[in-house]
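Please read it beside the sequence and the coordinates.

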Amino acid sequence: MTEESAHGDEWSTGLQSSSDRRAAGGESCPVITDGGTDDEGVVRRDRFSGGPARSFLSSLAADERIFEADLAVDRAHTIMLAEQGIIADDVAGDILTALDAIEVDGHGSLPDGEDVHEAIETAVIERIGADGGKMHTARSRNDEVAACIRYRLREDVLEAIETTLALRESLVDVADEHRETIMPGYTHLQPAQPTTVAHWALAYEGAVRRDTERLCAAYERINESPLGGAAFAGTTFDIDRERTADLLGFDGVVENSMDASSSRDFLLETVQALSTHATTLSGLAEDVIIFANRGFVELSDDYSSTSSIMPQKKNPDTLELVRAVAGDAASSVQGLTTTLKGLPRAYNRDLQRATTHAWETVDAVTEASEVAAGAVATADWNEETLAAEAGEGFSTATGVADLLAANGLPFRTAHELVAIAAETGADYDALEAASQEVLGDPLEAHVDPDAVEDALDPAESVASRDSQGGPAPEAVEAQLEAAREALATDDDAHAELTAALETAHETLRSEVNGYV
């Protein structure tokens, strides 16, 4: 994925004969006759055709990922050139026929080249002769590669979004099933207040929902076409950038030609959104790993493993790897940021290294998200153990303090009373003794004893917390409804985006068929 070389710009305006170039004072390029080329492809002149740095410069192997994207970009550009009268229809037909043959043969059959763009152009020229070079009229590899990256990244981000939707669905299903399943809640990994499995699951659903929103926002900025920006300064040819954008399914164009060819902020935004999602996944994985350790939940065998020498063990290995992906994603954000932060505008070869961060991150985070969704969906919650642990560590203490405050005591006084009780027994008798110490009165002088007993019960404590977003069943029901509605809306939006790309594929194919 390289930029147009300083000595290769003539390829953006069609082939010139070697005699024409010599007459113009230029250096000789590899001579193309009968559809053949020299071993160095169609871009580099003799002066730049050899040496050990050639393999260092090459991205051809890594470019397999954007092979199909490059073919699509080539087709759209060729059709536009023909429609604008820049190249003849029969030449466009020959080029498009060659591109179809190259697609059938696959990336592995491409001739050696500096990148996939040069290799495909070389392959076209090998098939149809010098007219194949007209495919590159009015463009540079700078805008070409930017278009290819965006074209492919759209599909990858849609897949990542789909896995966030699947995870949200799993979390909603768990919440729906366990609305009244009491469990201990923690802060600082210490027993804090009782809650429910539903409340816990919906906490992650909300976070993943925002991850979906961030990825959708990134998609909007990916889905703009840079094609037509050329090297960075546009072109003298009467091109139609909106037409190629439409043929490729982009929503519009990146207006400024320098910005179009050189900017990679869409990559950084995407990797940042993926890293944020990976961080959410890591927290979810950590929770489930701890819950499994405490016997609260059992993972399916499909998402576990055992020891090589300890057959009794069941390890949450998949979630440990999900947890680790967050570190990889964060490092990609740092690596990409560092690559981009010192680059002047227009194209710089550093960008060849930038894209790798996006491919690696989107693959790893998408897989981790898919695994997390499956692990959550197939896990079994141990309701008896959860209920038994829900009241540990005097987890209902805040509820008792709230009750006392609701009956007229200053909250800080109530807090002090309950804190003393926590040290001596954490039951009604302890609260009674603390009341005598702090207030000089029996507890019942300030609050109904039956109400205190209810506040000490984890289930009753949860039921009383019916504020918006709380764990009480009726509050959870409202959250579930909102989660389902948001999920349905995002499902529909994802389906529309996917369908739009499929329609663009079909439209482009139909236009190609009009020439071949």
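The structure holds 5 aromatic pairs, where the rings of Phe, Tyr and Trp (its six-membered ring) pair if their centres lie within 6.5 Å. The model is a predicted one, in which local features need pLDDT of at least 70 and side-chain atom pairs count only at pLDDT 80 or more, while totals for chains, interfaces and linings use all residues. Residues are numbered from 1 along each chain as its sequence is written, and side-chain values use heavy atoms, with hydrogens and water left out.

**Aromatic rings and charges over rings**

- A pair of aromatic rings is described by the distance of the centres and the angle of the planes.
- The ring centres of Phe291 and Phe296 are 5.9 Å apart and their planes stand at 40°, so this pair is tilted, given that planes under 30 degrees apart count as stacked, over 60 as edge-to-face and the rest as tilted.
- Phe291 and Phe296 are both buried, a class that means under 20% relative accessible area, with exposed meaning over 50% and partly exposed lying in between (1.4 Å probe, protein chains only).
- One aromatic cluster is formed by Trp200, Tyr204, Phe291, Phe296 and Trp381.
- Arg154 lies over the face of Phe250, at 4.4 Å from the ring centre, where a charge sits over a ring if NZ of Lys or CZ of Arg is within 6 Å of the ring centre and within 35 degrees of the ring normal.
- Over the face of Tyr186 lies Arg294, at 4.7 Å from the ring centre.

**Helix packing**

- Two packed helices are described by the angle between their axes and the distance between the axes.
- Helix α10 (residues 265-293) and helix α11 (residues 317-341) have axes that come within 8 Å and cross at roughly 155°; axes are lines fitted to C-alpha atoms, for helices over the stretch in contact, and angles run from 0 to 180 degrees between N-to-C directions.
- Helices (H or I, at least four residues) and strands (E, at least two) are DSSP runs, numbered from the N terminus.
- The helices α10 and α11 are therefore roughly antiparallel to each other, since angles under 35 degrees count as roughly parallel, over 145 as roughly antiparallel, 65 to 115 as roughly perpendicular and the rest as oblique.
- The contact of α10 with α11 divides into 17 nonpolar, 6 polar and 3 charged residues, with Ala, Val, Leu, Ile, Met, Phe, Trp, Tyr, Cys and Pro counted as nonpolar, Asp, Glu, Lys and Arg as charged, and the others, Gly among them, as polar.
- Helix α7 (residues 197-222) and α10 have axes that come within 9 Å and cross at roughly 165°, which makes α7 roughly antiparallel to α10.
- In the contact of α7 with α10, the residues divide into 14 nonpolar, 5 polar and 5 charged.
- Helix α6 (residues 141-177) packs with α7 at an angle of about 165°, their axes being 9 Å apart, and α6 and α7 are therefore roughly antiparallel to each other.
- By class, the contact of α6 with α7 has 21 nonpolar, 2 polar and 6 charged residues.

**Positive phi angles**

- Most residues other than glycine have a negative phi, and most peptide bonds are trans.
- Leu189 is not a glycine, yet has a positive phi of about 65°; Leu189 lies in the loop between β1 (182-187) and β2 (190-196) and, at 48% relative accessibility, counts as partly exposed.
- Phe394, likewise not a glycine, has a positive phi of about 55°; Phe394 is placed in the loop between α13 (383-389) and α14 (397-406) and is buried, with a relative accessible area of 9%.

**Residues apart along the chain**

- Glu118 lies in helix α5 (residues 116-128) and is buried, with a relative accessible area of 1%, while the C-alpha atoms of Glu118 and His136, 18 residues apart along the chain, are separated by 9.9 Å.
- Ile86 is found in the loop between α3 (67-83) and α4 (89-105) and is partly exposed, with a relative accessible area of 22%, while the C-alpha atoms of Ile86 and Ala138, 52 residues apart along the chain, are separated by 9.0 Å.
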